[in-house]
Amino acid sequence: MTRVYMDDTSAERLNSLQEQNLELSRLIAELRNEAALRTQFLSNISHDLRTPLTAIITHGEILRDGILGELTSRQKESVSGIIGGGRQLLEMIGEILTYARGAAHQLTLARTEFSIESAVEQVCALNESLIAKKKLDLAVAIEPDLPVLYADRDKIAHILGNLLGNAIDFTLPGGRVWIRCSRAASTERSHVLLIEVGDTGIGIAPEHHELVFREFAQVDASASRQHHGTGLGLAIARKFVELHDGRLWVESALGTGSRFFFTLPVRSAP
Amino acid sequence: MVPHILLVEDNAFVIGALRLLLEETGHRVSDARSVAAAARVLLDDPPDVVLLDLTLGNEDGLTLMSSIDVGRGPLPIVVALTGHDDVATVERCTAAGCRAVLVKPIAPLKLKGQIAEWLGGRVVA
């Protein structure tokens, strides 16, 4: 056994360092506790906001669907406005809660096996009417025989939905949007998928490429912009990609459309 | 016999909306705002379908499942109502014995259709 002898100054410094360590540990625990409390608070607020909204939307839909008698077309239009506004608010509340959970490192993955193709199909089907309304041309290209994913299907669909939603929002009527899925890199043991969501829309200046992933970022405040959101969508999408050990980035310039890419390392089910 | 639906929900506005919908579409409706109140309805006036909110104040709605007495007549069909249908929530509800998980707000015509489908396969109490 080796004995180390310290002089008084060294012993004092060691004591002081140990005290600082204890203080740091205490502060870290306090911060974690505060983050957990904040998330719990947001979670409670979110539930409390959602509940009366649910009642408003259900009443609206009872009227719209003619359960209490047929409405005139103008009455239907007005009630549909109430429902649409309510549903938009619900989505925003959901995003705020997801973001808060991500910030507090409370997001976990519920992995199941599925094909990227099925997730893409699901998201395209959900956006079908918006795409038709804006007369956009949607193209989907999926490389054959891609490996099955073992990932969180809801979160992958959320990422795709967010990117496709932005592509639709920021592309003028008659433009093109597309989703491509391919192998980014493969070895005998590991595969990485590359997913691209692109559009011929207004584009993003290179100096704003990182800004768009920051929470509450607003790059374009022009009146032509028809986007309604919390400013959290891309921050959440990046968080979800990173939870899967992937990377999300954008390639774009003003006026040339945007191409968002993310990678997904393929894991096998245990 | 008119189907009997028990709404287990703690918000008066949501109860009001669902009661209106269900009564207008030919159902008899009871409501309960806590697990204890719902358990009493299960004993006194057994419903055909239970629409069960997962969050009842500080209570977990799924704790009601242990009050369902398998010895007494046909079991009610229990359907969970929730704000999120993520995999974990669906698994928890299915494991507890729920027939389905519906995300609020539920489209009225869809709920009406689903109730008819659930009850179609059984004799109404």
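Modeller: A helix crossing is called right-handed if the near helix is turned clockwise from the far one by less than a right angle, and left-handed if it is turned anticlockwise. Please note that this is a predicted model.

Biologist: Is the crossing of H3(A) and H4(A) left-handed or right-handed?
Modeller: Helix H3 of chain A spans residues 116-133 and helix H4 of chain A spans residues 153-169. They pack at an angle of about 35°, with their axes 9 Å apart. The crossing of H3(A) past H4(A) is right-handed.

Biologist: How many residues of the contact of H3(A) with H4(A) are nonpolar?
Modeller: On H3(A), the contact includes Val120(A), Val123(A), Leu126(A) and Leu130(A). On H4(A), Ile156(A), Leu160(A), Leu164(A) and Ile168(A) are among the residues that take part. Four residues of this contact are polar and one is charged, while the nonpolar ones number 11.

Biologist: Are H2(A) and H5(A) roughly parallel or oblique to each other?
Modeller: Helix H2 (residues 73-103) of chain A packs with helix H5 (residues 233-243) of chain A at an angle of about 45°, their axes being 10 Å apart. Angles under 35 degrees would count as roughly parallel, and 65 to 115 as roughly perpendicular. H2(A) and H5(A) are therefore oblique.

Biologist: Which residues of H5(A) meet H2(A), and how does the contact divide by class?
Modeller: From H2(A) come Glu95(A), Thr98(A), Tyr99(A) and Gly102(A); from H5(A) come Gly233(A), Ala235(A), Ile236(A) and Lys239(A). The residues of this contact divide into three nonpolar, three polar and two charged.

Biologist: How many residues of domain 2 of chain A are in contact with domain 1 of chain A?
Modeller: The domain assignment places domain 1 of chain A at 9-103 and domain 2 at 111-265. Taken over C-alpha atoms, their centres are separated by 24 Å. Seven residues of domain 1 are in contact with residues of domain 2, which number eight.

Biologist: Which helix gives the most to the side of chain B that touches chain A?
Modeller: In this interface, 17 residues of chain A are in contact with 20 residues of chain B. Helices H1 (12-24), H3 (87-96) and H4 (108-120) of chain B each supply at least two residues of the side of chain B that touches chain A. By class, that side has 12 nonpolar, five polar and three charged residues. With eight residues, the helix that gives the most is H1(B).

Methods:
Residues numbered from 1 in each chain as written. Chains lettered and ligands numbered in written order. Predicted model: local features only at pLDDT ≥ 70, side-chain atom pairs only at ≥ 80, totals over all residues. Axes fitted to C-alpha atoms, helices over the stretch in contact; angles between N-to-C directions. Helix = DSSP H or I, 4+ residues; strand = E, 2+ residues; numbered from the N terminus. Parallel < 35°, antiparallel > 145°, perpendicular 65-115°, else oblique. Contact = placed C-beta atoms within 7 Å. Nonpolar A, V, L, I, M, F, W, Y, C, P; charged D, E, K, R; others polar. Domains from an automatic or database assignment.
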